[in-house]
Amino acid sequence: MGVELAIAVVIAAVFLALGWFLRRSIGEGKVRRAEELAAKIISDAQKEAEIKKKEALLEARDEWYRAKSKFERETRAKRAELGRSEKILSDRESNLDRKVDILSRKERDIQGRERAISAKERGIATREGELSRLIEEENKRLERMAGMSSEEAKRHLIQNLESQARHEAAQFIKQIKGEAREKADREAREIIVSAIQRCAAGHTVESTVSVVSLPNDEMKGRIIGREGRNIRSFETATGVDVIVDDTPEAVILSGYDPVRREVAKIALEKLILDGRIHPGRIEEIVAKASKEIEEIIKLAGEEACLESGVAGIHPKLVRYLGKLKYRTSYGQNVLQHSKEVSLLAGLMAAELDLDPAMAKRAGLLHDIGKSIDREMEGPHTQIGFELAKKFNEPPEILNAILGHHEDVEPTSLITVLVEAADAISGARPGARRETLEGYIKRLEKLEDIADSFSGVSKAYAIQAGREIRVIVEPQRIDDERAGELVDDIAEKIQSEMEYPGQIKVIVIRETRAVGYAK
């Protein structure tokens with residue numbers, strides 16, 4: 001038992017010694033390998049560090065070169081800019097030097113002129129002193145010769161001159177009054193006649209209807225529409241009545257407002273040309289026609305101001321002036337009448353040495369109230385006065401508008417001239433015509449044309465002048481000649497008359513045999 005224990009102890013010791021030796025051998029190998037690996041790592045790190053260092057140096061050098069190049073470019077640019085600035089400053093300095101030289105020369109010239117003026121002033125003062133002395137000596141000599149002092153001579157001379165002046169003034173005033181009485185009427189007539197001769201304008205007959213020509217009578221059905229929906233939509237959109245009667249190839253637009261009637265006429269003409277007539281299209285075309293009329297009104301007002309030579313009128317007042325293009329009074333177009341009054345008033349003002357521009361302005365605006373007198377109550381003079389006052393027209397213009405029909409006392413001669421020009425324009429031959437008179441003349445003209453042909457027995461204009469029936473003598477006009485006569489009469493009517501739509505010509509040739517049975 002003890003031996004076994006001893007052997008076990010020996011074996012254990014041997015194994016411990018052997019294990020220690022083995023661990024030591026293995027540890028020393030690991031240490032050597034670790035040291036070798038560490039040395040290699042250190043060597044590689046040193047090499048990599050050297051490479052990084054070289055790369056950093058190269059990059060720093062490149063950056064330095066780039067910075068140097070940029071600095072040199074900026075330096076060259078700044079030097080060039082400084083060079084230009086120096087050149088500009090040099091040029092300015094040269095200009096200043098020249099200006100200084102010029103100012104110096106001018107200053108020397110001024111100083112020379114001042115010295116010359118001073119010398120002349122001294123010479124004049126000397127001469128004035130000498131002249132005063134000579135005048136005083138001459139006055140004393142005259143006093144001795146006349147036996148009167150200078151004050152007594154002055155009083156005596158003034159009394160004589162005053163008496164003579166009063167006598168001559170009285171005679172002159174009497175002569176002027178006589179000449180004025182003799183020439184006043186003649187000169188007034190010459191001024192008015194001259195103004196009338198230099199102004200002429202055509203006017204249209206007042207009417208509340210407009211006629212629209214159609215390409216054919218079938219278009220009337222399209223205008224009316226199914227169950228009348230088109231014509232109702234058109235009348236609602238325009239506020240104008242559409243009259244579709246038996247007038248060949250024409251419809252009539254009836255309305256009291258001329259602007260609405262013109263909008264309706266333009267819209268209907270566009271619809272006829274377009275061919276698409278239905279309620280939606282009607283509203284669209286009427287809106288376009290309204291804008292077109294607004295532009296026409298604006299242009300008419302501007303053209304009236306330009307033709308009359310009147311400037312500075314407020315744009316809204318110019319528009320009201322343009323509306324007069326569609327306003328008539330006693331058959332006379334109000335815009336044409338206003339331009340005529342403006343020209344007449346300006347001509348008379350120039351003859352009388354008054355302000356022609358103010359007279360023209362007053363004449364052009366004197367009937368401005370008629371542009372809205374159908375929308376407001378009261379006379380057109382009062383409406384025009386309020387309208388012009390709203391747009392800050394001068395007092396002379398306001399008085400001319402309010403007083404051109406003698407409603408108020410005139411406060412300036414401009415009002416009197418406008419009143420006279422207004423009367424001249426309205427009273428001259430052909431300025432105003434009644435509608436009935438024109439209608440009768442048109443019918444008479446139509447019948448006279450038919451009667452002028454040989455073989456015509458009698459002619460009758462019927463259907464308000466839309467048809468002419470011609471009765472011929474059957475012995476002189478045969479059937480073949482009747483057909484030719486229709487064309488001849490129609491051609492002469494076309495060449496000599498103006499009329500809406502068309503006129504139907506009918507030639508009637510009738511032979512009757514009458515007998516009696518007894």
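This is a predicted model: local features need pLDDT of at least 70, side-chain atom pairs count only at pLDDT 80 or more; totals for chains, interfaces and linings use all residues.

Student: Which residues line the largest cavity?

Tutor: Its lining consists of Ile223, Asn230, Ile231, Phe234, Leu268, Leu271, Ile277 and Ile282. Two or more of the lining residues come from each of helix 4 (229-238) and helix 5, and helix 4 gives the most, with three residues. By class, seven residues of this lining are nonpolar, one is polar and none is charged.

Student: What is the volume of the second largest pocket, and which residues are the closest to its centre?

Tutor: The second largest pocket has a volume of about 280 Å³. It is lined by 16 residues, of which Asp257, Val259, Lys323, Ser371 and Glu375 are the closest to its centre. Helix 5 (258-274), helix 6 (279-308) and helix 7 (315-323) each contribute at least two lining residues; the largest share, three residues, belongs to helix 5. The lining of this pocket comprises ten charged, five nonpolar and one polar residue.

Student: Which residues of the largest nonpolar core touch the most other members?

Tutor: In soluble globular proteins, nonpolar side chains tend to be buried together. Here the largest nonpolar core has 38 residues, and those that touch the most other members are Ile313, Leu317, Leu321, Leu364, Leu365, Ile368 and Val418. Among the elements that give two or more residues to this core are helix 9 (356-365), helix 10 (380-390) and helix 12 (413-427). Helix 8 provides the largest share, seven residues.

Student: How does one describe aromatic pairs, and what is their count here?

Tutor: A pair of aromatic rings is described by the distance of the centres and the angle of the planes. The count in this model is one aromatic pair. The ring centres of Trp64 and Tyr65 are 5.1 Å apart and the planes stand at 65 degrees; angles over 60 count as edge-to-face, so this pair is edge-to-face.

Student: Is Tyr65 buried, exposed or partly exposed?

Tutor: Tyr65 has a relative accessible area of 44%, and is therefore partly exposed.

Student: Which residue lies over the face of Phe453?

Tutor: That residue is Lys492, at 5.4 Å from the ring centre of Phe453.

Notes
Residues are numbered from 1 along each chain as its sequence is written. Side-chain values use heavy atoms; hydrogens and water are left out. On a 1 Å grid over the protein atoms alone, a cavity is a set of points where a 1.4 Å probe fits but cannot get out, and a pocket is an open set with protein on both sides within 12 Å along at least five of seven lines; lining residues have an atom within 4 Å of a point. Grid points are joined across faces, edges and corners, and a volume is the space filled by probe spheres set on the points. Helices (H or I, at least four residues) and strands (E, at least two) are DSSP runs, numbered from the N terminus. Ala, Val, Leu, Ile, Met, Phe, Trp, Tyr, Cys and Pro count as nonpolar, Asp, Glu, Lys and Arg as charged, and the others, Gly among them, as polar. Rings of Phe, Tyr and Trp (its six-membered ring) pair if their centres lie within 6.5 Å; planes under 30 degrees apart count as stacked, over 60 as edge-to-face and the rest as tilted. Buried means under 20% relative accessible area, exposed over 50%, partly exposed in between (1.4 Å probe, protein chains only). A charge sits over a ring if NZ of Lys or CZ of Arg is within 6 Å of the ring centre and within 35 degrees of the ring normal. A nonpolar core is a set of buried Ala, Val, Leu, Ile, Met, Phe, Trp, Tyr and Cys residues joined through side-chain atoms within 4.5 Å.
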